[in-house]
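Student: Hey, I've just opened this one up. Can you walk me through it?
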Amino acid sequence: MISQLSWKVGGQQGEGIESTGEIFSMAMNRMGYHLYSYRHFSSRIKGGHTNNKIRVSTKPMRAISDDLDILVAFDQETIDLNAHELREGGIVIADAKFNPKLPEGLPSVRLLTVPLTEIADELGTSLMKNMVSIGASSSILGIPVENYRNIVEDMFLRKGEKVVEKNMEAIRRGFDFVNELTGGNLPEFQLEKADGQKQLFMIGNDAIALGAIAGGVRFMPAYPITPASEIMEYLIKKLPKFGGTVIQTEDEIAAITMAIGANYGGVRALTASAGPGLSLMMEAIGLAGITETPVVIVDTQRGGPSTGMPTKQEQSDLNALINGTHGEIPKVVMAPSTVEECFYDTIEALNIAEEYQVPVILATDLTLSLGKQTVTPFDFSKVEIRRGKLLLGQELPEREQNDLFKRYEVTEDGVSPRVVPGQKYGLHHVTGVEHQPSGNPSESPVNRKQQMDKRMRKLDGLVQKFPNPVLFDAPHSEPDVLIVGVNSTGGTIQEAKERLEKEGLKVNHAQIRLIHPFPTEVIKPYVEKATKVITVENNATGQIANLLKLHVGHAEKIESVLKYDGNPFLPKEIYTEVKGLIKHGDYERVSK
Amino acid sequence: MATMKEFRNNIKPNWCPGCGDFSVQAAIQRAAANVGLEPEQLAVVSGIGCSGRISGYINCYGFHGVHGRALPIAQGLKMANRELTVIAAGGDGDGFAIGMGHTVHAIRRNMNITYIVMDNQIYGLTKGQTSPRSQTGFVTKSTPGGSIESAISPVELALSVGATFVAQSFSSDLKGLTELIEKGIKHEGFSLINVFSPCVTYNKVNTYDWFKENIVQVDSIEGYDPHDRVKAMSYSMQYKGLLNGLIYQNTEQKSYEQLVPGFKEEGLVKQDLRLSEEDFAKLVKEFA
């Protein structure tokens with residue numbers, strides 16, 4: 001019996017690879033296992049190799065695994081590209097149709113040639129080869145065919161009972177065929193019983209979209225882009241049920257400015273994009289800053305610069321998100337590290353935007369946005385909507401004509417009372433030009449300084465109030481190393497940490513969730529007590545390392561493990577590289 | 001009921017004496033009063049340039065945004081609160097150069113807002129460069145040998161992308177302009193009103209006198225029918241884009257807001273943003 005295994009299905013894009021993974025995962029989820037998946041895909045509609053790697057575990061985890069137990073291959077390319085990942089004794093289930101061959105040098109890998117397409121054809125359509133392959137996999141894992149029934153019904157019952165039965169038959173035929181080959185039940189592939197906890201199964205973008213609705217978003221203007229579009233697609237389906245709507249805009253500039261217009265109008269509106277879109281939005285983010293209009297922008301980071309690698313993992317937008325837009329504005333940049341955090345942080349981003357009247361950028365990365373995984377059910381009682389100094393719905397005291405509402409009144413905390421168009425006695429002006437408390441333009445040096453200071457001090461207390469600006473797993477008072485990451489790397493760092501600790505190293509881990517304003521005082525003590533600080537980042541220049549050096553100091557002990565080839569880290573990569581960096585100093589001391 | 005006076009404020013525009021934009025300001029104030037609005041029911045969203053300042057010169061809610069983006073800001077505001085009367089306003093550079101993409105898409109989207117372009121065929125605030133509305137051969141600081149590009153016709157552009165209300169006017173025709181703005185506000189859908197608003201400082205060609213000589217009232221054209229899109233297009237071409245009046249209106253096409261599934265008459269801003277626990281549970285169940 002094993003406690004976790006990795007399964008991968010690969011073939012040509014457009015061949016149903018994603019849905020094969022989906023059905024397999026749903027079955028495992030309903031059996032109570034924990035799942036974490038990663039999709040390898042390209043920026044094209046059909047053709048090109050694609051695969052879906054799914055890790056199944058009896059315990060929660062948030063990383064893809066170093067190796068692979070089972071590979072389902074619909075073409076030879078899948079075998080050629082992925083067989084090297086298989087562990088000793090791993091299995092390839094390949095379609096007999098292409099006469100599969102194992103590459104040389106993998107003596108212990110077992111090839112099971114199964115007539116996936118042929119069986120499917122016999123049942124009426126080659127499309128069902130996916131179902132046959134699921135049945136074949138289930139034989140190895142010892143999953144009863146009937147476990148798929150309710151999923152197949154969910155998917156096909158609206159097409160009729162016959163379609164359900166055909167698909168169940170496809171699964172059964174695949175199962176039986178492999179049972180014949182192997183004699184059934186392979187103990188080294190039998191998963192221990194799952195804890196059976198009911199969990200959700202979703203991608204980070206789903207959680208953001210759900211968080212948006214729960215957090216009061218009723219309008220989303222957005223322009224399609226990988227890997228952000230799922231947020232918009234979900235809201236297109238759901239917002240009309242709650243009175244709201246989505247507009248697919250002509251570009252990202254329209255998306256952000258419409259969102260600003262709607263927030264100015266008093267409705268919570270958010271937009272979502274990726275690097276190229278964020279670059280286009282920068283001028284308008286400055287407008288939100290100087291007009292103190294709340295707005296939330298999701299940036300699902302992908303490979304840059306320019307078009308870069310649209311379907312690949314990267315964390316290289318951080319500098320741009322922090323420093324983007326000309327001039328100086330108060331701005332918040334958040335970075336959830338799990339799907340659960342995507343949900344709660346979206347709501348918090350909406351609250352912060354309104355409470356501080358600032359633009360808030362919620363940065364994810366492709367792995368977090370698109371990696372489908374099991375998720376602890378969300379706690380609705382934790383959902384709160386805080387709108388700060390918004391006077392919406394209140395009767396305002398009468399004012400004379402020309403005595404404008406002081407929308408930009410200089411206050412102690414810098415945040416001014418806010419009214420929305422339509423409110424009687426609330427008339428004021430809003431402009432991206434420097435302005436007086438009434439909003440009317442002013443170039444007076446005294447006023448300029450007052451307004452600039454007022455805006456910039458709004459964020460003074462933010463770090464203290466922010467929920468866990470840095471997540472720590474830091475049991476050691478004098479660690480050999482503090483590993484620092486952001487976004488989706490958290491789970492992978494955790495696995496590397498466990499392995500390093502088994503070797504006697506004292507490893508602390510910090511995952512930064514608030515990128516700007518930087519939580520300097522929160523992380524400082526952890527940096528100070530660590531012998532070495534290593535940032536783990538999917539970019540080429542060490543953007544997090546530079547933030548640490550800038551805000552905390554101690555440049556002499558900060559190093560980085562960087563990966564920018566488009567793929568997420570594997571646990572063994574972080575383990576090996578961190579070990580290598582420590583070797584020069586402490587590792588030898590510790591390992592002696 | 002508010003009169004024109006209630007839409008005036010005490011801020012002195014920074015426009016040059018004689019600028020065509022003064023008439024547009026007055027016409028908006030009159031039209032707002034004439035259609036029975038209170039100042040708080042009107043929002044003017046403007047772009048950047050001399051004309052972009054107009055949102056600060058009318059006593060109502062005003063938003064002066066970034067260059068070329070008045071329309072998306074106005075549309076976002078309208079989606080948030082469809083009970084507001086929203087006017088977007090800006091210059092020809094704002095609408096037909098940097099913001100051209102938004103202009104075209106706002107027209108085809110057909111949201112119920114009125115867009116007033118103060119068209120002086122030149123860049124004034126940056127001190128005299130060519131505009132997409134400058135005629136071929138027009139000499140400016142940026143086209144010392146005369147513009148070698150062709151000029152955009154706002155009317156023909158709007159008609160070609162499915163406009164439901166296209167009007168053109170002239171700063172000297174305050175009465176006509178006021179009436180067109182009233183009609184635009186009342187039109188259920190997007191209304192484009194292009195206003196020849198002469199720049200007295202930098203445009204020495206397209207002057208008040210030049211327009212008076214060249215402009216053609218659509219009412220003076222025998223049998224003109226503002227519901228005939230093909231004829232509107234052909235008359236505009238025939239008169240070199242210099243028509244004055246209501247050029248085209250389609251009263252049958254529904255506005256964007258009317259077509260959004262489930263979109264309520266009551267402004268979104270007045271609706272409860274909180275979700276019931278039951279609705280939340282329903283949403284979550286799809287991921288189980």
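Predicted model: local features only at pLDDT ≥ 70, side-chain atom pairs only at ≥ 80, totals over all residues.

Student: Which residue is the bridge partner of A:T431 in β2(B)?
Tutor: That's B:H64.

Student: OK, zooming out. How many residues of chain A are in contact with chain B?
Tutor: There are 57 from chain A, in contact with 49 residues of chain B. Several elements of chain A each supply at least two residues to that side, among them β7 (200-202), α7 (204-214), α10 (275-291) and β15 (429-431).

Student: And which element gives the most to that side of chain A?
Tutor: That would be α9(A), with nine residues.

Student: What's that side made of, in terms of nonpolar, polar and charged residues?
Tutor: You get 30 nonpolar residues, 18 polar and nine charged on the side of chain A that touches chain B.

Student: New topic: A:Y234. Where is that found?
Tutor: Look in helix α8 of chain A, which spans residues 229-238.

Student: Is A:Y234 buried or exposed?
Tutor: Buried, because 24 other C-beta atoms lie within 10 Å, and the cut-off for buried is 20 or more.

Student: What is A:Y234 in contact with, leaving aside neighbours within four places in sequence?
Tutor: A:D206 and A:A209.

Student: How far is A:Y234 from A:N323?
Tutor: They're 89 residues apart in sequence, and in space their C-alpha atoms are 30 Å apart.

Notes
Residues numbered from 1 in each chain as written. Chains lettered and ligands numbered in written order. Helix = DSSP H or I, 4+ residues; strand = E, 2+ residues; numbered from the N terminus. Buried ≥ 20, exposed ≤ 12 C-beta atoms within 10 Å, placed from the backbone. Contact = placed C-beta atoms within 7 Å. Nonpolar A, V, L, I, M, F, W, Y, C, P; charged D, E, K, R; others polar. Pairing = 2+ DSSP bridges.
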